Structures are given as structure tokens and as C-alpha cells.
Amino acid sequence: MEHIRTPKVENVRLIDRVTPRKSTAGTLYLSSTHSIFVENTEARKETWVLHSLVSNIERPPTNPSGSPLIIRCKNFQVYNFLILQEKDCLDVQASLIRLSRPERYTELSCFSYHPNVNKEEREEAWSFIDLRAEYERMGIPSNLWSLTPANCEYRVCDTYPSDLYVPKSATPPIIVGSAKFRSRGRFPVLSYYHRDNSASICRSSQPLSGFSARSTEDEQMMQAIMKSNPASEFMYVVDTRPKLNAMANRAAGKGYENEDHYTNIKLQFIGIENIHVMRNSQQKIVDMGEIRSPSMGDFLWGLENSGWLKHIKAVLDAGIFIARAIAEEGISVLVHCSDGWDRTAQACSVASILLDPHYRTLKGFMVLIEKDWVSFGHKFSHRYAHLEGDPKEVSPVIDQFLECVWQLMEQFPCAFEFNERFLIQLHMHVHSCQYGNFLGNCQKERRDIRDSVLQFNTVNIFQGMAQADFKSEPIPSGLCFGNSGLSFLTPCTETTTARPRVCCAPSTPLTASSFGRACITGQRGRLRWWHASLQPSVCQRCVRRPSSWRRS
């Protein structure tokens, strides 16, 4: 409370963004976690703004009506206030700047959020997801893969989880030697095992190859991964970066695998841009949303100019390539980017969703987030500005992944147990810091926080979301997703340039203009526009629920 200069400001007006001349008078209250606007009406309607969701606060020039204050949030909500006294406006702005930019983890709202849950239930919630049980569900054969103790107490890599699966033939010297040859020590480990053909998705960071360096242990590790798939004579290495970027890293002693040294690999570059390009792209989307009453042409031009959908397509293409290599070719894949915690997480997660129906359920999707993002060291605190820090570290990495999932849900609406409300809620809580799941940048950092304040003093979001109403409407509760017709999704991201037409029947061919496509979805008759870079060749929204679904 010491950061609040004024806890209450009266005669504040909340401006309607759609109709600026329309406003609502009320009182603005500031607490340590929220700003609360209470309308001066009989209903006393309240508008709550969580401080940890605030992205920035702007104060335009004072006008005869008062001092405006604009609050922009990380979930893209914007609040326009008009405060009569300039001094009050300055006090509110200064208070919000400090309250929305905590300097220590203990200042985050999760430590002051105490719902009506007893201690036993709160402790039980933290065991809701068991990653060892998830790897057992995959059916990992003990004669090919093993749980290594090499990273116990995070001795080899402090940004990896302590439990890691590696090829059975990978000895501790091979693991340590491979870690020394990989950026940040993030050596190749198992992310997903496909029991149908023994192919696997592994992940790592870029090698420290420079122009000519090599590591015998790293080459042996790659050979061990390839041999863990007995039916394959080679494996793919998917570098999610643009090739030019990867080549530039060689000058800094990093780079990519030399196919002359790794004789059992085929290298594939995808072309997902770095975090700085993605941050700028999203900002252009946000700026476009600030335009009042844009024409369709202005909107589509702004969308194209942002490059956002081009980046979404690149992430989807990475997942599709990996999934097809696993399911259709039976070839194992190693995925990496620079450090292996941004683009690698995106590509591995999208591929897993395409391959495994379990990850399209509510519980399975939460497990996927915990496995490929939380435990494998995605930098939540840096990427989503949980604490005051370098703004160049902020980037919408998980935002892009959630949009990729939404795009898949639009093409295959009957393949997912959850709906878009679930994705929106998850996006909000990644940024909100109201729960303890996404704090810190890696498992070790969370453990250190937990030892002092985190676990059992914060609430686990996953168990609560599993009990909430986030199931998609067309899918009755009790149905399972194990039917062969939807076990492996094959989306299309090709661009077409023909004239648009309406699709209203299953498997009707769909064409589109260079600006977008129109699709009437079943009996609801809703018209949706899509950018041309994300066209399915078939309108999957009109596909009926498969009769082969069975009750669990």
C-alpha cells in the first residue's frame, strides 16, 4: 500500500471506446492488486483491472474536460479514464506504474490471491499434473529410453527439468559432453514418443559448432537417438530459425549441425523469426486495433503489413513437418532454435497436438503446457514482463502458440474437447500472475522460489480450469477422442488466389481471394473471414461429428 499515492478519486469518467462521447461517471479506487471503477448508478457496476495485467499507462495532454488516462492491458483490453484534477491523474499514473511493475516475486498478485480453498486442497492441486505419469502414458519402452539421473539437482543444465528421458545407450559421459557442446547446456532429450512406430520428437538448443568445431559426444548422442527408432536409418534435425539467422550465429561460435559430421541426419530449416520480429509484429496488430472505424481494406492491409499471420503459418508449418515425419515417414526428429525455449516449444507443442488426440482434451492440453513450456524452461517471467526488466526480452511466444491451436480448432472443430474461452482464459493467466504456475523462467528457479514462498502459498490454475466450463459445445461430456479418423490431424496452410465462394456442405472445395475467404459454418450461418495464407482446401468446420466416437 506504500506505493499508492491516492487510494480514491471521485468524479472520474470511464470513456466508451466505441462512442467516445459516451461516458460513465464513478469513483476510482486503488488497492495493492486492483484498480476498481465503481459507477455512480443504482446498479453500482464495478470494473476491475488487475495491476499485473497492465502493459502501459499513457497520459495524453490535459484538455478542458480534465486529464485523460489510458490503461492498456496485456490481454489487449484498454480503459480510457477522464480525471478532473491533473494532480489526481498524476498520482494515479505514478501509483499504477509502480504497482504494475513489481521488482520482486513476492510483490506479485498470486501471493495476495487467496480464494476460499483450504490448505489441503491447495496442496493437492499442485499434484494434479504428474509428468512421469505422462511419459508412462506415451508407452516409452525401457529397452530404448531411460530416465537419466544426470540432471539431478540441475547439475548439467539449470534450465532443464530434473527428470529427463534420453536414449538407453546414452551414457553419462555422452550426456555431459553433448551438454558442453550445446548452447546453455541444453542437450538433446525426449519430448514426445510415438508408440505406433517408435519415432520420437527430441529437443535441444543449437550446437556450438561455429565454422568447424565438432563434438564426438554430441555426435554419439544423435546416433543414439536415431538408433532408438529401430525402423529408421536417419533422423531429421529441424532448425526452426531462418537459415540466414542460423548462419550468422556461426560467427559467434554457435550455428547448426554440419551434415558432414553428423552422418545420420537430414537438416531442415523452417524460418520462424526471432522474438524481436514477433514483438514488433504484434504491436502492429495492436496499433491497427486503435484505428476507429477502419474500412475492410484498411483492416486487411494492416493485417498483411503486420506479418502476424505469416508468422503463425511458419509455426504451423514447423509442427506439420515434424508431425508428418513422425506419423507418415516414421522418422525421429530433433527440434531446436537458438536456446531451445521459444520456437522449439512452439514447434514441439503444435506437432504433439497434431499427432496425439490426448493433447486435444482439457487435461491433456494442460499436461502439454506443463511439459513442453513450464518444465522445459520457457522464460515466462521475461517473455511476459512479470517483473520489471528488459523490454527487449518481452515477446508473444505463447500467444502465437495459442493462436495456432485456435486455427487448428477452426479447421477441425470436432477434434478438440475445449473451446476458445479456455484459450483466452489461459492467455490471460499466463500474463496475470494470479496463479503460481507460470512464475519464474525455469523449474530450478521455481523450486528456489517455492522453497521460500511459492508452493502452497499460491493457487494452481490447472485443477480449477479442469473443473470449469471450457468444453466445446459440439462435444458432449463423456466422449473420448481416440477414434482413428481424428487421431492424426493434417491441416493445410497453402495459399489460394481464386475468387471466394461459400461452403456449406461437408468436404466442399473451398477457394479464396488474396484477401481472405468466407465460410458459412453449419446451421449457425456465421460468416468468418480468414487471411489467404491460412486456407484449408476443405471446409473442415462443416464436417459432422464422427459416428465412431464412443463413450468412455
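Trainee: In what order do the five strands form an open sheet, and what is the pairing?

Mentor: The order is β10-β11-β14-β12-β13, and the pairing is mixed. This is a predicted model: local features need pLDDT of at least 70, side-chain atom pairs count only at pLDDT 80 or more, and totals for chains, interfaces and linings use all residues. Residues are numbered from 1 along each chain as its sequence is written, and side-chain values use heavy atoms, without hydrogens or water.

Trainee: What makes β10 and β11 a pair?

Mentor: DSSP must find at least two bridges between two strands. β10 and β11 (residues 199–203) have five bridges, in the antiparallel sense, so they pair by that rule. Tyr192 stands opposite Ile201, and Tyr193 opposite Ser200.

Trainee: What makes β11 and β14 a pair?

Mentor: They share three bridges, in the parallel sense. Arg203 stands opposite Val335 in β14.

Trainee: Why are β10 and β13 called edge strands?

Mentor: β10 (189–194) and β13 (265–269) each pair on one side only.

Trainee: Why is β11 called mostly covered?

Mentor: Buried means under 20% relative accessible area; exposed is over 50%, and partly exposed lies in between (1.4 Å probe, protein chains only). Five of the five residues in β11 are buried. Ala199, Ile201 and Arg203 point one way, Ser200 and Cys202 the other.

Trainee: Which strands does helix α9 touch?

Mentor: Contact means heavy atoms within 4.5 Å. Helix α9 (residues 308–329) packs on the sheet and touches β10, β11, β12 (235–239), β13 and β14 (333–336).

Notes:
Helices (H or I, at least four residues) and strands (E, at least two) are DSSP runs, numbered from the N terminus. Axes are lines fitted to C-alpha atoms, for helices over the stretch in contact, and angles run from 0 to 180 degrees between N-to-C directions.
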